[in-house]
Amino acid sequence: MTIPGGWVRGVSVAGLGAVFLTAITVQAAAIAQTWGTWYWVPGSVCAAAVCLTALLGLRRPLWPSVAGLGLAAAAIVATRVAGSDLPAEPSPAMTLGLAVLTGSVLRALAPVPATAITCAGPALIIAGPLATEPPSGLAAVTALDGLVWLAAVTAGLSLRVLDARTRAVAEQVRRDERLELARELHDVVAHHITGMVLQAQGAQVVARRNPEQVGEYLGELEAAGTDALASMRRVVGLLRGADGAAPTSPGPERLGALVERFQRQGPEVRLSIPAGDGEWPPEVTTTVYRVAQEALTNVLRHAPKARSVTVTVEQGAGSVAVEVADDGPAALARHPQRGGYGLIGMRERVEVLGGSLRAGPRPDRGWSVRAAVPVPTVPVPTVPVPTREPQ
């Protein structure tokens, strides 16, 4: 099955904690063999405290990083006060905790605090040897600490660049989806205006032959103009990125044809749709079609061993919902974004309409994508639509 995000974070924290514990244990054994029986205690305690702050700062690293740097500085000062025969530089395990904090702040924080905390790392690394009397030179442990810090900086900056690129691609997908909706709205507005022109021409003819019917034509002309203005406002709202703008699109899409095309290269599909889908607003029909199309595409990409897919469209008193569920075998994880950002665009389209989209694992096996779009309508019974006999 797919591992939820919370479980992934939990496993990551547990794995990092195991790495910290191993480093502290190896360090304690090495110090006990070279310095004496109890010399490992202060270094291990300080390293454990810094590593704990590193675990706490994986998601919000600002204050845990400040606390970790403070603990490391206090350990150096305490070492000098306790006696000059103890190691002066930060221990490798402590440096590992500081490295994780450094990578976290470089990835998540703003440039100014990230730079300040990052620069504090080498200052602590060289502060220990300089605090000895007389100051010692560059020790092997100090050089190792510096290499660990450089690795942390490289990893943090790489993750920061990767996150920035991911956000930029996702934003571009959302922008492209809004532009696509705006193009669809342009066609709707053109349709309304064409109807207004035809009604105006008809009113002129009626005015010459039957003047008492002109009022009816003018009323229809006013309604068409109101619809055109509303659609134009939606276009402007979408291009400006206004939330809550309800886009429209051309007439109903044919889910049956989509399913037939999918079955030529994929598993069997069972389609169930309401009986009166032709009465939906255009923006709802197009959204239902696009969500089903993207979900079926993801089945081909990420669940090649799925034997069957169910596409269900349900209409309630105030919404229309579409769900695409497959029975693909259990897997550690399924990431629809690997093959593209289609679901991001679909989520943008659905949320612009005031709806919601959810994608995740099913309780037993397989994957499910479900979108709900609000629409003022009455319940319509759902009937199964036969598509292809099982072979």
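Predicted model: local features only at pLDDT ≥ 70, side-chain atom pairs only at ≥ 80, totals over all residues.
**Pocket lining and helix packing**

Me: How much space lies in the second largest pocket?
Reply: About 450 Å³, where a pocket is an open set of points on a 1 Å grid over the protein atoms alone at which a 1.4 Å probe fits, with protein on both sides within 12 Å along at least five of seven lines. The volume is the space filled by probe spheres set on those points, which are joined across faces, edges and corners.

Me: Which helices supply the lining?
Reply: H1 (5-34), H2 (40-56), H4 (92-108) and H6 (140-209) each give at least two residues, and the largest share, six residues, comes from H6. Helices here are DSSP runs (H or I, at least four residues) numbered from the N terminus.

Me: And by class?
Reply: The lining of this pocket has ten nonpolar, four polar and five charged residues, with Ala, Val, Leu, Ile, Met, Phe, Trp, Tyr, Cys and Pro counted as nonpolar, Asp, Glu, Lys and Arg as charged, and the others, Gly among them, as polar.

Me: Switching topic, at what angle do H2 and H4 pack?
Reply: At about 15°, with their axes 8 Å apart; axes are lines fitted to C-alpha atoms over the stretch in contact, and angles run from 0 to 180 degrees between N-to-C directions. H2 and H4 are therefore roughly parallel, the word for angles under 35 degrees, while over 145 counts as roughly antiparallel.

Me: What meets what there?
Reply: Cys46, Ala47, Val50, Cys51, Thr53 and Ala54 of H2 meet Ala93, Met94, Gly97, Leu98, Val100 and Leu101 of H4, contact meaning heavy atoms within 4.5 Å. That contact of H2 with H4 has ten nonpolar, two polar and no charged residues.

Me: How do H9 and H10 pack?
Reply: H9 (residues 282-302) and H10 (residues 342-352) pack at about 160°, with axes 10 Å apart, and that makes H9 roughly antiparallel to H10. Their contact divides into four nonpolar, four polar and three charged residues.

Me: What about H8 against H9?
Reply: The axes of H8 (residues 255-263) and H9 come within 10 Å and cross at roughly 10°, so H8 and H9 are roughly parallel to each other. Their contact has nine nonpolar, one polar and one charged residues.

Terms used
Residues numbered from 1 in each chain as written. Heavy atoms only, no water. 1 Å grid on protein atoms, 1.4 Å probe; cavity = no way out; pocket = protein on both sides within 12 Å on 5 of 7 lines; lining within 4 Å. Parallel < 35°, antiparallel > 145°, perpendicular 65-115°, else oblique.
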